[in-house]
Structure formats: structure tokens, C-alpha cells
Amino acid sequence: MAVTVAHPRRTWNPSARPIAAASGLAGESRSIPPAADLQPDRRGLASPDLPARRFVGRRRYAGANMPELPEVESVRRQLDPELRGRRVLRVWTDPQRRFHAPERLADRLVRCVGRRGKFLICPLDRGLELVLHLGMTGSLHFGPADPYSRARLTLDDGRELVFRDPRRFGGLAVVEAGAYDGVLPSLARLGPEPLSDDFDPASFALALAATRSPVKPFLLSQRPVAGVGNIYADEALWLARIHPASRRVGRTRAYALHGTIREVLAAAVDREGTTFRDYRMVNGESGRYAGFLVAYGQAGRPCPRCGTPMRRIVLGGRGTTFCPTCQHH
């Protein structure tokens, strides 16, 4: 089978700031189960006592954001039925330091498309896995390539899957199944999946009690839980009434945060994620959650609980929005 690659094998780290965490690979093809016990209202909240609020629609928020669990899960759900059982005939990639051994994709059967945190994981035949990370501007679609296309996979049904990534922060790696330590250390050490039974509230509370880091940067490290990024950390902390810079989160508040993380992520998955600028699903459509955000990007707007203007600070290098009244330090 023909294969074209424009670079040697390289070790790939998908983030400029390495993620460190602890856990193994979750079920490779398991999708997020419906959150039957989480029935958010039209604002994406499950708290009926909160006052009604008019929410802003989609708009650009300062700073680029990496797709988080809801966005990657939405891509996975669309990609899985298209790739499952298909064979990759040919591979083309451009020079890309975040790509590792793409030539090993040629003549490989894709068994399914799974997800772990913010990574797409495709088990292949002959004991290999294709791992994809969208970075900040990555997207996948079937159809013609353009100057921002970084990889093209020709399938046995004649279609071509294109990995488009204008800013080149995304990654693609073909590895031995589960062998992530050398090439994908951040994937190897991810915390538990937040919408699985592995995300235990007692263990989460112990992890928060053991760290000296502010709670939001600790969430973004992916150590206590996988897949939570800047957007949904702001949302979950607001719902739990926890200041993002808090270094001491007691058991009661930790349990509350555990619940709000699950609540926010389930609601965002239901609406196929948040699009401000770059994120698109495989079918080219945007996520529908941006208009339901209550904290992220809402600086200067009144808090929907108390009316205090929301405030924005920079914490751990990331823009962070919170209510100075509801979320006490």
C-alpha cells in the first residue's frame, strides 16, 4: 500500500504545558452514557431556584481554547460510525513535529473510535492505536483538503478523512495499544473520566485536600479528573460556589464540585459542545452550548444568582471568570 510521509518519527507532546495525572485507558469505544439524573433547564443548569437570565449568544472570547471533553466526545460520536470497520489505504501528512509514525496507518483496519479525556483513540488491527488530539484549531472532516490540511487518510470506500489544523497545535500518533509513556506521557497519566463510575467523589475530595495548588489550575492539570478545561472549570466552580483560586476545598465543597463537573459536562455534551471560533464537528456544524454559559466569558455581566458583576482574572496563565460575591476566596 502506498504511503507518503514528509518527516521522520518524532515524540509528540500535544500541549506546550504538559498534563500530568494518574490512571489508565478507559474503555476504548465506550461513549458517555445519558445523564438521566441530570436534567438541565434551558440555561444548562439543574438548579431551579436560580433566577432567569438572558444569556449572550456565540461570540469570540479573548484567547484561544482547546476543545474539551464535550467537544471531543461530540466529534467521536460523529466519527465512530464513519470510521468503524474501514481500512486506511493511503496516508499523507505534512511536516509536523506533533505527528508520530503516521506511516504505520497504511493498510490498517479501524475497529472503532474511542475517547480518553481530550484525546480520540482509534484501536487498529495488529495491536496498534491511532491517537488524535485536536489542539486549539484542529478539526476532522470528509472531503477536499485546503492549505491548512495537515493529514489526509484515504479509506477503502473512496472517501478521504482530512485533519485540518491552521495553528498546528494538534497531534496524530500511531502507537502500540496502550503504550503511551514514551510518546504520549500526558495521555498515560490522565485522571479518571468524569462521567464514568471511576470518578469517585471521595477520591476526588482526597485529591483536592492533598494539593497546595489553586483549585482551578489543579483541575486543568488533568490529575484529579480528565477532560475538564478552561470553559467548563469556570462553569463548574461557579455552580459549586468555589473561588477558582481557593487552595483549601473541604469535603463538602469537593463533593459539590464533583457533582457540578458532571452536571456541566453532561449538559454540554447534550448540546454538542461550545463553539466560539474554531471548533467544528465532523459534519461542519458548531456546538450549541455557548449561549448557555453562566461564568466563562461573562466578565462584567451580572451574576445570575446575586447580580454582582462577574470578574475576570488571570490564574495559572488562563483567563478565569467568577462571581466575587458568590464564590468566596
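Biologist: In which hand of crossing does helix 3 pass helix 6?

Modeller: This is a predicted model. In it, helix 3 covers residues 201-210 and helix 6 covers residues 251-270. The crossing in which helix 3 passes helix 6 is right-handed.

Biologist: How many nonpolar residues does the contact of helix 3 with helix 6 have?

Modeller: From helix 3, the residues P201, A202, F204, A205 and L208 take part. They meet A254, Y255, L257, H258 and I261 of helix 6. By class, the contact has no charged residues and 1 polar residue, and the number of nonpolar residues is 9.

Biologist: Which strands stand at the edges of the open sheet?

Modeller: The open sheet has 5 strands with mixed pairing, in the order 2-10-6-5-4. The strands at its edges each have a single partner strand, so one side of each is left without a neighbour in the sheet; they are strand 2 (99-100) and strand 4 (114-116).

Biologist: Which residue of strand 10 does L130 stand opposite?

Modeller: Strand 6 (residues 128-133) and strand 10 (residues 171-176) run antiparallel and are joined by 6 bridges. In strand 10, the residue opposite L130 is V174.

Biologist: What percentage of the residues in the chain is buried?

Modeller: The chain contains 6 helices and 12 strands. Of its 329 residues, the buried share is 56%.

How values were computed. Residues are numbered from 1 along each chain as its sequence is written. This is a predicted model: local features need pLDDT of at least 70, side-chain atom pairs count only at pLDDT 80 or more; totals for chains, interfaces and linings use all residues. Side-chain values use heavy atoms; hydrogens and water are left out. Two strands pair if DSSP finds at least two bridges between them. Helices (H or I, at least four residues) and strands (E, at least two) are DSSP runs, numbered from the N terminus. Axes are lines fitted to C-alpha atoms, for helices over the stretch in contact, and angles run from 0 to 180 degrees between N-to-C directions. A crossing is left-handed if the near helix is turned anticlockwise from the far one by less than a right angle, and right-handed if clockwise. Contact means heavy atoms within 4.5 Å. Ala, Val, Leu, Ile, Met, Phe, Trp, Tyr, Cys and Pro count as nonpolar, Asp, Glu, Lys and Arg as charged, and the others, Gly among them, as polar. Buried means under 20% relative accessible area, exposed over 50%, partly exposed in between (1.4 Å probe, protein chains only).
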